[in-house]
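Q: I would like to learn how to read a few features of a protein model. Could we go through them together?

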Amino acid sequence: MLIGEAQLQQRVQELGRQIARDYADHEPVVVGVLRGVVVFLADLLRAMPELRCEVDFLAISSYGSGAGVVRIEKDLERSIEGRHVLLVEDIVDTGLTLRFILRNLETRRPASLAVCTLLDKPAHRLVTLPLRYIGFSIGDVFVVGYGLDLDQRYRNLRDIWVIDPPD
Ligand code: IMP
């Protein structure tokens, strides 16, 4: 086990308080990137009940052998033009997926665009990206649980575990 439930919950509470403070006057659109983010986002939203915000979702799929080739499978329901957008991710590894999403959202002219990621895995980062809120920085390991999967399994574990992915 890498990060236990209590530690996750405590950090999510801190992030929620910080985001609620920072966005108090901005009525942000909180955008979750499906599907890995669902558990984290559900807890994060409940850690900032005082914040006026909208919630929307993007679903993306990677194809090819990674390399940041990403397709939007489900787009936002509403326009973000002129809105303050907080993009919420489960994990940033190479950063290629996030770069694709940020570039795409930037073309829609939001008032601001910032990123909150539960996990930051900087070992394989290929592109420099601004991550305003980071839950935990982790080493070069593959993790599952708390929304994160290996071949769609383990998302429902309450803690985050290191797993040996098959080669
Ligand atoms: P990136 O484009 O390399 O930053 O990849 C980000 C995506 O890869 C994440 O949204 C996850 O879907 C997946 N990913 C990267 N590392 C892990 C991990 O340790 N566990 C589960 N999924 C991961």
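A: Gladly, and burial comes first: a residue is buried under 20% relative accessible area, exposed over 50% and partly exposed in between, with a 1.4 Å probe and protein chains only. The areas come from the Shrake-Rupley method with a 1.4 Å probe, and for residues only the protein chains shown count as cover. By this rule Y146 is buried, at a relative accessible area of 3%. Please keep in mind that this is a predicted model, where local features need pLDDT of at least 70, side-chain atom pairs count only at pLDDT 80 or more, and totals for chains, interfaces and linings use all residues. Residues are numbered from 1 along each chain as its sequence is written, and side-chain values use heavy atoms, with hydrogens and water left out.

Q: What is the phi of Y146, and where does Y146 lie?

A: Its phi is positive, about 50°, although Y146 is not a glycine. Helices (H or I, at least four residues) and strands (E, at least two) are DSSP runs, numbered from the N terminus. On that scheme, Y146 sits in the loop between strand 7 (143-144) and strand 8 (161-162). D151 lies in the loop between strand 7 and strand 8 too, and its phi is also positive, near 50°, in a residue other than glycine. D151, however, is exposed, with a relative accessible area of 64%.

Q: Which side chain joins that of Y146 in a polar contact?

A: A polar contact is a pair of N or O atoms within 3.5 Å; within protein, one must be able to donate a hydrogen and the other to accept it, and residues adjacent in sequence count only if both atoms are side-chain atoms. Here the side chains of Y146 and D43 are joined at 2.7 Å. D43 belongs to helix 2 and counts as buried, at 13% relative accessibility. Contact in general means heavy atoms within 4.5 Å. Beyond its neighbours within four places in sequence, D43 is in contact with Q9, V12 and Y146.

Q: Which residues of helix 2 are buried, and what covers them?

A: In helix 2 (residues 38-46) they are F40, L41, D43 and L44. They lie on the same side of helix 2 because they cover an arc of only 165° around the axis, the arc being that of the directions from the helix axis to the C-beta atoms. Their cover includes helix 1 (5-22), strand 1, strand 2, strand 4 and strand 5.

Q: How many disulfides does a search of the whole structure find?

A: A disulfide is a covalent bond between the sulfur atoms of two cysteines. The cut-off is a pair of cysteine sulfur atoms within 2.5 Å, and the search finds zero. C53 is in none, and the nearest cysteine sulfur, that of C116, is 12 Å away, too far for a bond. C53 is partly exposed, at 27%, whereas C116 is buried, at 0%.

Q: How many residues surround the ligand?

A: A residue is near a molecule or strand if one of its heavy atoms lies within 4 Å of it. Here 15 residues surround the ligand, and D93, T94, G95, T97 and V143 are the closest. Oxygen atoms of the ligand lie 2.4 Å from a polar side-chain atom of T97, 2.8 Å from a polar backbone atom of G95 and 2.9 Å from a side-chain N or O atom of K121. Taken alone, the ligand exposes 490 Å², of which the protein buries 79%.
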